[in-house]
Amino acid sequence: MQTDQGASYAGILGIGAYRPARLVPNAEIVDAIDSSDEWIQQRSGIKTRGFADDSETVVAMSVAASRDALAHAGVDPRQVDCVIVATVSHLLQTPSAATAVAHELGTDQAAAFDISAACAGFCHGVALASDLVRGGSARYVLVIGVERLSDITSNTDRGTAFIFADGAGAAVIGPSETPAIGPVVWGSDGEQYDLIRQREDWRDVLASDSPEMPHLVMQGNAVFRWASYSMAKVAQQALDRAGITVDELDCFVPHQANNRITDAMARAMKLPAHVRIARDIVDAGNTSAASVPLALERMIRDGDAKSGDVALLVAFGAGLAYAAQVVTIPWDPPPPP
Ligand code: UT7
């Protein structure tokens, strides 16, 4: 039997983003949940979030972010061998969003599938893509994190209405001459399966006299304590596995769940002052699987992450599932439009 031999190393070759046109300030959210702009900013850091309109579907946002990523990577869509979409809010059970995205991009020959690892989905996708490239199963892989959480969030639920948001981020993963994606540290804690979840399963919804969308529910404070305590350890393990110290790190790009969780992780890891920290949540809210690539794209666009910089990604969410890895920032930011 023959086996495939892939590239020695894989790297992120390009990053792209799609942000919904409509930005919703806290003032538009607060009345329905008896809250205030001040409380939301203090507790989470969020000022605005993007809510998609009817035309900004999971597939449409994924295609737009992917085109952006492919252009920046200089990779033709027809060169893509595999499309991975990480999402929990593609509301068609089957077929996958990835097959539609691949078709719209003109990559019909590509393998295409969705993965469900909630807010950790993009980092799971990067780990899979890196191994596909190094294992020889694919040369170029498109990894997309995308959500329309506004479809599955109740605007009257105090624990989630101000947090969750919409958007898409994409990365092209391909061969690299130097190590540019470190070993993944990933796992799950199923004992805490109920902390963030769809309220009830579809059979229970349909058996009800007045069926309504089973929205997300979250025991926010329990998730907050778990993430603040455990995720710094996971992030540190990812640094250790890559042989990088915090002094060698340039950028910290955690899942944009809550600025206070980000602060707690940075303190626990004793990140030096020179490490630039992603704060995309302030404008974008918590976009689950899209949050890490959106935050990365923002840092590159703002000049906070430069070509060759070493960035630590860590993401965590429903499941509870988590994943972290060190990556190298691929290219200089494009000139402003
Ligand atoms: O992306 C997936 C992973 N998700 C996360 O990582 C989210 C993690 N959790 C969080 O970000 C935070 O738990 C929240 C931002 C959701 C909530 O912040 P918190 O500091 O954990 O608040 P809490 O639930 O402990 O509530 C504190 C107080 C309570 O009042 P009392 O009992 O102290 O008087 C709540 O009733 O805040 C009250 N409260 C609110 N007040 C205004 C709870 N929700 C709200 C609200 N507006 N929306």
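Which residue in β7 is the bridge partner of Val 141? In this predicted model, where local features need pLDDT of at least 70, side-chain atom pairs count only at pLDDT 80 or more and totals for chains, interfaces and linings use all residues, that partner is Ile 173. Residues are numbered from 1 along each chain as its sequence is written, and side-chain values use heavy atoms, with hydrogens and water left out.

Strand β6 (residues 141-148) pairs with β7 in the antiparallel sense over eight bridges, pairing being assigned where DSSP finds at least two bridges between two strands. Strand β1 (residues 9-18) also runs antiparallel to β7, to which nine bridges join it, and Ala 10 stands opposite Pro 175 of β7. Of the eleven residues of β7 (residues 166-176), ten are buried, that is, under 20% relative accessible area with a 1.4 Å probe and protein chains only.

Around the ligand there are 21 residues, of which Ser 35, Asn 221, Asn 258, Arg 260 and Asn 286 come nearest, a residue being near if one of its heavy atoms lies within 4 Å. By class, this shell holds twelve nonpolar, six polar and three charged residues, and α6 supplies the largest share of the shell, four residues.

An N or O atom in the side chain of His 255 is 2.8 Å from a ligand oxygen atom, while a polar side-chain atom of Asn 286 lies 2.7 Å from an oxygen atom of the ligand.

Notes:
Polar contact = N/O pair within 3.5 Å; in protein donor to acceptor, adjacent residues only side chain to side chain. Helix = DSSP H or I, 4+ residues; strand = E, 2+ residues; numbered from the N terminus. Nonpolar A, V, L, I, M, F, W, Y, C, P; charged D, E, K, R; others polar. Buried < 20%, exposed > 50% of the residue type's maximum accessible area, 1.4 Å probe, protein only.
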